[in-house]
Amino acid sequence: MNQPKLIKYLVLGLPLGLFFLGGASMIWHFKHPDASVKKPKNEATSKPVAQTDLEFNVKRLATELASRPSNDPLKTRQTAAFIEGTLGINNIGFPIVTRVNFPYGGREVSNLSVEVKGYRSPEEIILVVAHYDSAPSAAGANANGSGVAANLSLANLFLRTQNERTLQFHFLANGLGPAPTGAEVLAKKLQALGSNVLVTLVLDQLGKYNATPQSQQPWPGSPVALPNTGNFLAWVGPAANKSLAEKFAQSFTGNSTLSGVALSVADMGSPTALAFAQVGLPVVRVTDTGDLRKATTFAEADAVGELDFASFSEAVRGLGRTLQGFANE
(Lines give C-alpha, C1' and ligand atoms only; values in the text may rest on other atoms or scores of the structure.)
Protein backbone atom coordinates (compact mmCIF):
# COMPACT_ATOMS: atom_id res chain seq x y z
CA MET A 1 0.00 0.00 0.00
CA ASN A 2 1.42 3.35 -0.98
CA GLN A 3 1.76 6.18 1.54
CA PRO A 4 -1.15 8.38 0.31
CA LYS A 5 -3.64 5.50 0.67
CA LEU A 6 -2.31 4.66 4.17
CA ILE A 7 -2.78 8.25 5.30
CA LYS A 8 -6.29 8.25 3.84
CA TYR A 9 -7.30 5.09 5.76
CA LEU A 10 -5.82 6.44 8.99
CA VAL A 11 -7.71 9.71 8.66
CA LEU A 12 -11.00 7.87 8.08
CA GLY A 13 -10.40 5.12 10.64
CA LEU A 14 -9.28 7.20 13.59
CA PRO A 15 -12.66 8.86 14.31
CA LEU A 16 -14.44 5.52 13.90
CA GLY A 17 -12.01 3.84 16.28
CA LEU A 18 -12.45 6.54 18.86
CA PHE A 19 -16.24 6.25 18.53
CA PHE A 20 -16.25 2.50 19.13
CA LEU A 21 -13.71 2.78 21.94
CA GLY A 22 -15.86 5.38 23.71
CA GLY A 23 -18.96 3.20 23.36
CA ALA A 24 -17.13 0.19 24.74
CA SER A 25 -15.90 2.27 27.68
CA MET A 26 -19.42 3.41 28.53
CA ILE A 27 -20.73 -0.16 28.45
CA TRP A 28 -17.90 -1.29 30.73
CA HIS A 29 -18.59 1.59 33.15
CA PHE A 30 -22.25 0.71 33.59
CA LYS A 31 -21.58 -3.01 33.95
CA HIS A 32 -18.58 -2.48 36.23
CA PRO A 33 -19.04 0.73 38.28
CA ASP A 34 -16.01 2.27 39.89
CA ALA A 35 -15.45 0.53 43.23
CA SER A 36 -14.05 3.74 44.65
CA VAL A 37 -17.46 5.42 44.35
CA LYS A 38 -19.34 4.50 47.54
CA LYS A 39 -23.04 3.87 47.42
CA PRO A 40 -25.08 5.93 49.88
CA LYS A 41 -25.85 4.20 53.16
CA ASN A 42 -29.35 2.87 53.70
CA GLU A 43 -31.56 5.31 55.57
CA ALA A 44 -31.85 4.45 59.27
CA THR A 45 -35.07 2.70 60.26
CA SER A 46 -36.85 1.40 63.32
CA LYS A 47 -34.95 -1.12 65.47
CA PRO A 48 -36.55 -3.55 67.94
CA VAL A 49 -35.74 -3.18 71.62
CA ALA A 50 -32.58 -5.19 72.34
CA GLN A 51 -31.12 -6.17 75.69
CA THR A 52 -27.61 -5.54 74.36
CA ASP A 53 -28.50 -1.90 73.62
CA LEU A 54 -30.02 -1.38 77.06
CA GLU A 55 -26.98 -2.89 78.77
CA PHE A 56 -24.54 -0.85 76.68
CA ASN A 57 -26.28 2.44 77.38
CA VAL A 58 -26.72 1.83 81.12
CA LYS A 59 -23.05 0.84 81.41
CA ARG A 60 -21.98 3.91 79.47
CA LEU A 61 -23.95 6.13 81.83
CA ALA A 62 -23.31 4.40 85.15
CA THR A 63 -19.81 2.99 84.65
CA GLU A 64 -17.96 5.27 82.25
CA LEU A 65 -19.69 8.53 83.13
CA ALA A 66 -20.72 7.31 86.59
CA SER A 67 -21.88 9.96 89.07
CA ARG A 68 -23.37 12.82 87.03
CA PRO A 69 -25.18 15.28 89.32
CA SER A 70 -26.42 18.52 87.82
CA ASN A 71 -23.87 20.56 89.76
CA ASP A 72 -21.03 18.81 87.91
CA PRO A 73 -20.62 20.85 84.67
CA LEU A 74 -18.25 18.41 82.96
CA LYS A 75 -20.33 15.29 83.60
CA THR A 76 -23.50 17.12 82.61
CA ARG A 77 -21.97 18.17 79.26
CA GLN A 78 -20.54 14.70 78.65
CA THR A 79 -23.87 13.01 79.36
CA ALA A 80 -25.75 15.39 77.08
CA ALA A 81 -23.18 14.84 74.33
CA PHE A 82 -23.51 11.06 74.68
CA ILE A 83 -27.30 11.19 74.41
CA GLU A 84 -27.24 13.64 71.49
CA GLY A 85 -24.67 11.56 69.63
CA THR A 86 -26.58 8.33 70.23
CA LEU A 87 -29.82 9.82 68.89
CA GLY A 88 -28.15 11.51 65.92
CA ILE A 89 -27.70 10.68 62.28
CA ASN A 90 -24.52 8.63 62.78
CA ASN A 91 -26.08 6.26 65.32
CA ILE A 92 -29.82 5.76 65.85
CA GLY A 93 -30.41 8.03 62.87
CA PHE A 94 -32.60 10.99 63.79
CA PRO A 95 -31.72 13.81 61.36
CA ILE A 96 -32.66 16.46 63.93
CA VAL A 97 -31.95 16.37 67.66
CA THR A 98 -33.41 19.47 69.28
CA ARG A 99 -31.37 21.06 72.06
CA VAL A 100 -32.98 23.59 74.40
CA ASN A 101 -30.50 25.34 76.70
CA PHE A 102 -31.50 26.97 79.97
CA PRO A 103 -29.53 28.61 82.78
CA TYR A 104 -28.66 26.59 85.85
CA GLY A 105 -26.06 27.37 88.51
CA GLY A 106 -24.44 30.17 86.52
CA ARG A 107 -24.08 28.12 83.33
CA GLU A 108 -26.24 26.49 80.69
CA VAL A 109 -27.59 22.96 80.68
CA SER A 110 -29.55 21.25 77.90
CA ASN A 111 -32.79 19.42 77.36
CA LEU A 112 -32.63 17.16 74.29
CA SER A 113 -35.48 15.73 72.23
CA VAL A 114 -36.45 13.96 69.02
CA GLU A 115 -39.86 13.73 67.38
CA VAL A 116 -41.79 11.23 65.28
CA LYS A 117 -44.57 13.28 63.68
CA GLY A 118 -48.06 11.79 63.53
CA TYR A 119 -49.75 11.57 60.14
CA ARG A 120 -53.44 11.79 61.06
CA SER A 121 -53.51 13.84 64.28
CA PRO A 122 -50.05 15.43 64.53
CA GLU A 123 -51.28 18.05 66.99
CA GLU A 124 -51.97 15.30 69.55
CA ILE A 125 -48.70 14.75 71.38
CA ILE A 126 -47.43 11.86 73.50
CA LEU A 127 -44.41 12.80 75.62
CA VAL A 128 -41.94 10.20 76.83
CA VAL A 129 -39.40 11.77 79.18
CA ALA A 130 -36.43 10.78 81.36
CA HIS A 131 -34.04 12.94 83.37
CA TYR A 132 -30.38 12.10 82.77
CA ASP A 133 -28.63 13.32 85.92
CA SER A 134 -27.93 11.16 88.97
CA ALA A 135 -27.85 11.82 92.68
CA PRO A 136 -24.48 13.05 94.01
CA SER A 137 -21.99 10.22 94.59
CA ALA A 138 -24.33 7.72 92.93
CA ALA A 139 -23.48 5.77 89.79
CA GLY A 140 -27.14 6.14 88.85
CA ALA A 141 -27.57 2.86 86.99
CA ASN A 142 -31.25 2.61 87.88
CA ALA A 143 -31.86 6.25 88.83
CA ASN A 144 -31.94 7.20 86.12
CA GLY A 145 -29.65 5.36 83.72
CA SER A 146 -32.38 2.80 83.18
CA GLY A 147 -34.89 5.51 82.26
CA VAL A 148 -32.51 7.12 79.77
CA ALA A 149 -31.56 3.77 78.21
CA ALA A 150 -35.23 2.82 77.88
CA ASN A 151 -36.04 6.16 76.26
CA LEU A 152 -33.19 5.74 73.75
CA SER A 153 -34.46 2.28 72.81
CA LEU A 154 -38.04 3.50 72.48
CA ALA A 155 -36.94 6.39 70.26
CA ASN A 156 -35.07 3.86 68.10
CA LEU A 157 -38.12 1.60 68.00
CA PHE A 158 -40.33 4.39 66.63
CA LEU A 159 -37.80 5.97 64.26
CA ARG A 160 -39.45 6.61 60.86
CA THR A 161 -42.59 4.68 61.81
CA GLN A 162 -46.06 5.82 60.77
CA ASN A 163 -48.32 6.66 63.71
CA GLU A 164 -51.55 8.62 63.92
CA ARG A 165 -50.31 10.77 66.83
CA THR A 166 -47.01 12.56 67.39
CA LEU A 167 -44.43 10.99 69.69
CA GLN A 168 -41.75 13.09 71.37
CA PHE A 169 -38.85 11.61 73.34
CA HIS A 170 -37.27 14.05 75.81
CA PHE A 171 -34.05 13.74 77.81
CA LEU A 172 -34.09 16.29 80.60
CA ALA A 173 -31.29 18.00 82.48
CA ASN A 174 -31.40 18.51 86.24
CA GLY A 175 -34.11 16.14 87.34
CA LEU A 176 -32.92 16.02 90.95
CA GLY A 177 -31.37 19.41 91.74
CA PRO A 178 -33.01 22.68 92.80
CA ALA A 179 -35.09 24.73 90.35
CA PRO A 180 -35.12 25.28 87.50
CA THR A 181 -35.39 21.64 86.48
CA GLY A 182 -35.47 20.44 82.89
CA ALA A 183 -38.99 19.15 83.47
CA GLU A 184 -40.17 22.58 84.66
CA VAL A 185 -38.67 24.27 81.60
CA LEU A 186 -40.36 21.82 79.22
CA ALA A 187 -43.71 21.78 81.03
CA LYS A 188 -43.99 25.58 81.15
CA LYS A 189 -43.06 25.85 77.49
CA LEU A 190 -45.75 23.34 76.48
CA GLN A 191 -48.28 25.12 78.68
CA ALA A 192 -47.44 28.50 77.13
CA LEU A 193 -47.79 27.06 73.62
CA GLY A 194 -51.14 25.48 74.47
CA SER A 195 -49.85 22.13 73.24
CA ASN A 196 -52.33 19.27 73.12
CA VAL A 197 -50.42 16.80 75.29
CA LEU A 198 -52.41 13.60 75.72
CA VAL A 199 -50.02 12.07 78.25
CA THR A 200 -46.55 12.55 79.68
CA LEU A 201 -44.92 9.22 80.49
CA VAL A 202 -42.06 9.75 82.94
CA LEU A 203 -39.56 6.88 82.76
CA ASP A 204 -37.99 6.85 86.20
CA GLN A 205 -36.20 3.70 87.48
CA LEU A 206 -37.12 0.66 85.40
CA GLY A 207 -34.40 -1.94 85.97
CA LYS A 208 -34.93 -3.66 89.35
CA TYR A 209 -37.02 -6.82 89.62
CA ASN A 210 -37.25 -9.51 92.28
CA ALA A 211 -39.29 -12.69 92.00
CA THR A 212 -38.91 -13.50 95.71
CA PRO A 213 -42.08 -13.23 97.81
CA GLN A 214 -42.08 -10.30 100.28
CA SER A 215 -39.57 -8.42 98.09
CA GLN A 216 -41.93 -5.49 97.56
CA GLN A 217 -42.82 -2.85 100.13
CA PRO A 218 -46.12 -0.87 100.02
CA TRP A 219 -46.32 2.55 98.38
CA PRO A 220 -46.64 5.13 101.16
CA GLY A 221 -50.09 6.66 101.31
CA SER A 222 -51.58 4.48 98.57
CA PRO A 223 -55.02 2.94 99.15
CA VAL A 224 -54.10 0.27 96.59
CA ALA A 225 -52.06 -2.64 97.92
CA LEU A 226 -49.08 -3.52 95.75
CA PRO A 227 -48.21 -7.16 95.05
CA ASN A 228 -45.69 -8.42 97.62
CA THR A 229 -43.38 -9.65 94.87
CA GLY A 230 -41.32 -7.00 93.06
CA ASN A 231 -41.66 -8.17 89.48
CA PHE A 232 -44.09 -5.65 87.99
CA LEU A 233 -44.12 -2.05 86.70
CA ALA A 234 -46.07 0.60 88.58
CA TRP A 235 -47.99 3.26 86.62
CA VAL A 236 -48.33 6.13 89.07
CA GLY A 237 -50.42 9.22 88.52
CA PRO A 238 -52.14 11.97 90.51
CA ALA A 239 -55.86 11.70 91.24
CA ALA A 240 -56.67 13.72 88.10
CA ASN A 241 -54.98 11.08 85.93
CA LYS A 242 -56.19 7.95 87.73
CA SER A 243 -58.06 6.58 84.70
CA LEU A 244 -55.08 7.24 82.46
CA ALA A 245 -52.75 5.31 84.78
CA GLU A 246 -55.24 2.45 84.90
CA LYS A 247 -55.54 2.40 81.12
CA PHE A 248 -51.79 2.20 80.62
CA ALA A 249 -51.29 -0.41 83.34
CA GLN A 250 -53.97 -2.61 81.80
CA SER A 251 -52.53 -2.23 78.31
CA PHE A 252 -49.00 -2.98 79.54
CA THR A 253 -50.20 -6.15 81.27
CA GLY A 254 -51.65 -7.33 77.96
CA ASN A 255 -48.43 -6.50 76.11
CA SER A 256 -45.82 -8.00 78.42
CA THR A 257 -45.05 -11.08 80.49
CA LEU A 258 -44.71 -8.62 83.38
CA SER A 259 -47.78 -7.07 84.93
CA GLY A 260 -48.67 -3.42 85.33
CA VAL A 261 -50.16 -1.97 88.50
CA ALA A 262 -51.92 1.42 88.55
CA LEU A 263 -51.59 3.77 91.51
CA SER A 264 -53.27 7.11 92.17
CA VAL A 265 -51.34 8.98 94.86
CA ALA A 266 -50.66 12.51 96.01
CA ASP A 267 -46.90 11.94 96.05
CA MET A 268 -45.63 10.31 92.87
CA GLY A 269 -42.10 10.29 94.24
CA SER A 270 -40.70 12.13 91.23
CA PRO A 271 -39.89 15.85 90.85
CA THR A 272 -40.01 15.31 87.10
CA ALA A 273 -43.57 13.96 87.18
CA LEU A 274 -44.63 16.67 89.63
CA ALA A 275 -43.47 19.45 87.27
CA PHE A 276 -45.94 18.34 84.60
CA ALA A 277 -48.79 17.81 87.05
CA GLN A 278 -48.33 21.31 88.47
CA VAL A 279 -49.10 22.96 85.13
CA GLY A 280 -52.08 20.69 84.48
CA LEU A 281 -50.50 18.37 81.93
CA PRO A 282 -51.58 14.71 82.17
CA VAL A 283 -48.76 12.64 83.62
CA VAL A 284 -48.04 9.04 84.56
CA ARG A 285 -44.79 7.95 86.14
CA VAL A 286 -43.59 4.50 85.00
CA THR A 287 -41.33 2.92 87.60
CA ASP A 288 -40.12 -0.29 89.24
CA THR A 289 -40.82 1.54 92.56
CA GLY A 290 -37.08 1.96 93.24
CA ASP A 291 -36.28 1.99 96.95
CA LEU A 292 -39.42 0.03 97.75
CA ARG A 293 -37.61 -3.00 96.34
CA LYS A 294 -34.06 -2.39 97.49
CA ALA A 295 -32.78 0.70 99.22
CA THR A 296 -29.80 1.40 96.99
CA THR A 297 -31.23 3.88 94.49
CA PHE A 298 -29.54 7.01 95.78
CA ALA A 299 -26.38 5.39 97.11
CA GLU A 300 -23.16 4.24 95.53
CA ALA A 301 -24.66 0.76 95.34
CA ASP A 302 -26.97 1.91 92.52
CA ALA A 303 -24.65 0.09 90.13
CA VAL A 304 -25.08 -1.88 86.93
CA GLY A 305 -24.96 -5.20 88.77
CA GLU A 306 -28.14 -4.32 90.66
CA LEU A 307 -30.24 -4.42 87.49
CA ASP A 308 -32.09 -7.42 86.06
CA PHE A 309 -31.53 -6.77 82.35
CA ALA A 310 -33.69 -9.64 81.11
CA SER A 311 -36.75 -8.33 82.97
CA PHE A 312 -35.79 -4.75 82.14
CA SER A 313 -35.72 -5.60 78.43
CA GLU A 314 -39.12 -7.27 78.65
CA ALA A 315 -40.48 -4.18 80.41
CA VAL A 316 -39.23 -1.86 77.64
CA ARG A 317 -40.64 -4.15 74.93
CA GLY A 318 -44.01 -4.06 76.68
CA LEU A 319 -43.72 -0.29 76.94
CA GLY A 320 -43.09 -0.08 73.22
CA ARG A 321 -46.14 -2.13 72.35
CA THR A 322 -48.26 -0.13 74.80
CA LEU A 323 -47.08 3.14 73.29
CA GLN A 324 -47.76 1.90 69.78
CA GLY A 325 -51.34 1.07 70.72
CA PHE A 326 -51.93 4.47 72.31
CA ALA A 327 -50.34 6.34 69.41
CA ASN A 328 -52.68 4.67 66.93
CA GLU A 329 -55.99 4.17 68.72
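Helices (H or I, at least four residues) and strands (E, at least two) are taken here as DSSP runs and numbered from the N terminus. The structure is a predicted model, in which local features need pLDDT of at least 70, side-chain atom pairs count only at pLDDT 80 or more, and totals for chains, interfaces and linings use all residues. Residues are numbered from 1 along each chain as its sequence is written, and side-chain values use heavy atoms, with hydrogens and water left out.

Let us begin with the peptide bonds. Between Ala179 and Pro180 the peptide bond is cis, with omega near 0 degrees. Pro180 sits in the loop that runs between strand 4 (165–172) and helix 5 (182–193). A cis peptide bond also links Ala143 to Asn144, where omega is about 10 degrees. Asn144 belongs to helix 4, which spans residues 141–158.

Backbone phi angles come next. Gln214 is not a glycine, yet its phi is positive, at about 70 degrees. This residue lies in the loop between strand 5 (196–203) and strand 6 (232–237). Thr289, likewise a residue other than glycine, has a positive phi near 80 degrees. Its place is the loop between strand 8 (283–287) and helix 8 (309–327).

Buried means under 20% relative accessible area, exposed over 50%, and partly exposed in between (1.4 Å probe, protein chains only). With a relative accessible area of 62%, Gln214 is exposed, whereas Thr289, at 6% relative accessibility, is buried.
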